[in-house]
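I opened this notebook to record what I looked up in one structure.

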There are 2 protein chains.
Amino acid sequence: MPGSTNFLTKNKSVILYGIFLAILLLLLKWLELRFIIINHAFEIYAGSIAVIFTVLGIWLALKLTKPKTILIEKEVFTEKPETFVFNEKEMIRLNISKRELEVLQLMSEGLSNQEIATKLFVSLNTIKTHIARLFEKLEVKRRTQAVEMSKKLSLIP
Amino acid sequence: MPGSTNFLTKNKSVILYGIFLAILLLLLKWLELRFIIINHAFEIYAGSIAVIFTVLGIWLALKLTKPKTILIEKEVFTEKPETFVFNEKEMIRLNISKRELEVLQLMSEGLSNQEIATKLFVSLNTIKTHIARLFEKLEVKRRTQAVEMSKKLSLIP
DNA sequence: TAGAAAATCACCCTAAAGTATGAAGCCAAA
DNA sequence: TTTGGCTTCATACTTTAGGGTGATTTTCTA
């Protein structure tokens, strides 16, 4: 059911209907006393009344049932996407290079510095340098914090 | 607009309306020829026709506009729940104690062993022991792996 | 209440992580 | 072409993490 604004419209329509009905009756009475309908052509008179008031009834009903349209909100719950979207803006903002990100990803997988070095065909010292820079840029002190931070920043899944 | 079933109802109503109108006219004609209304009490006659056909019109309109209700589906995207449900079964299965879980949580927050020890008012060695046991139970070799594993097992958020 | 499990702590040692500094090669942009 | 950023590597050092063993105390349970 719609709000209370319906009552105003409803009353308005009823009043208008009443006024229109009164005018119509007066008109008919006037017509009766004049030329068209006196005693004959009674069927035409009754028929016209029937037609007019039917139309009036339909109009009234339509007017009253105007806000009849019912909006049914159906909530559709969406699954959490689980699709990782890489936050490139953060990477740019923190000035993290591609190689550093690569090291970060392997670090987040639990690999040791030596394992990362072997995997990337570079020396252990190189990895240490990368990681040291990453800690600066991510403003952390330990690799566990780095992983936590970079996950929060959507740099890694 | 709803489906084609509306048309059947519509036609049905129109036919019924027509039949009812015809019957009513015959009834009025019959009444006219009999006792009540002959020449006088004309207003009652016209008024009753008006009322009857108004009601009829309203009824007809309501009947026709019955399937006017519109269903609107509104998709509501929910925030990803983020509600962490602790996996107690895994904790029991891996035989992880409360204290160990506590240490695990602090470890996942990036705290060092010394920081954890200070926070829990115990010695560094105690924390080392807890963590060593955790590594055994989680079957990992490093704390980064431990955090990753325990997140996968829903032991920590 | 005795025994098991959990929690605590210590000592020693090695491995890994992290810090600091310096430097060389490469490559794209000014 | 030169400058600056990226990548690479090295050396030296400190700190932290991790492994192994043993022991004491507390807490819970059969």
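**Entry 1: a phosphate contact.** I began with B:Ser97, where an N or O atom of the side chain lies 2.2 Å from a phosphate oxygen of DNA strand C. I call this a polar contact, that is, a pair of N or O atoms within 3.5 Å; within protein, one must be able to donate a hydrogen and the other to accept it, and residues adjacent in sequence count only if both atoms are side-chain atoms.

**Entry 2: the ground rules.** I noted that this is a predicted model, in which local features need pLDDT of at least 70 and side-chain atom pairs count only at pLDDT 80 or more, while totals for chains, interfaces and linings use all residues. Residues are numbered from 1 along each chain as its sequence is written, chains are lettered from A and ligands numbered from 1 in the order in which they are written, and side-chain values use heavy atoms, with hydrogens and water left out.

**Entry 3: around DNA strand C.** I found 17 residues surrounding DNA strand C, and the closest include A:Lys128, B:Ser97 and B:Arg99. A residue counts as near if one of its heavy atoms lies within 4 Å of the strand.

**Entry 4: helices at DNA strand C.** I looked up which helices (DSSP runs of H or I, at least four residues, numbered from the N terminus) take part. H6 (124–138) of chain A, and H4 (98–108) and H6 (124–138) of chain B, each supply at least two residues. The largest share, 4 residues, comes from H6(B).

**Entry 5: around DNA strand D.** I then turned to DNA strand D, which has 17 residues around it, with A:Ser97, A:Arg99 and B:Lys128 among the nearest. Sugar and phosphate make up 64% of its atoms that come within 4 Å of the protein. A polar side-chain atom of A:Arg99 is 2.7 Å from a phosphate oxygen, and for A:Thr126 the distance to a phosphate oxygen is 2.9 Å. The side chain of A:Thr129 has an N or O atom 3.2 Å from a base nitrogen.
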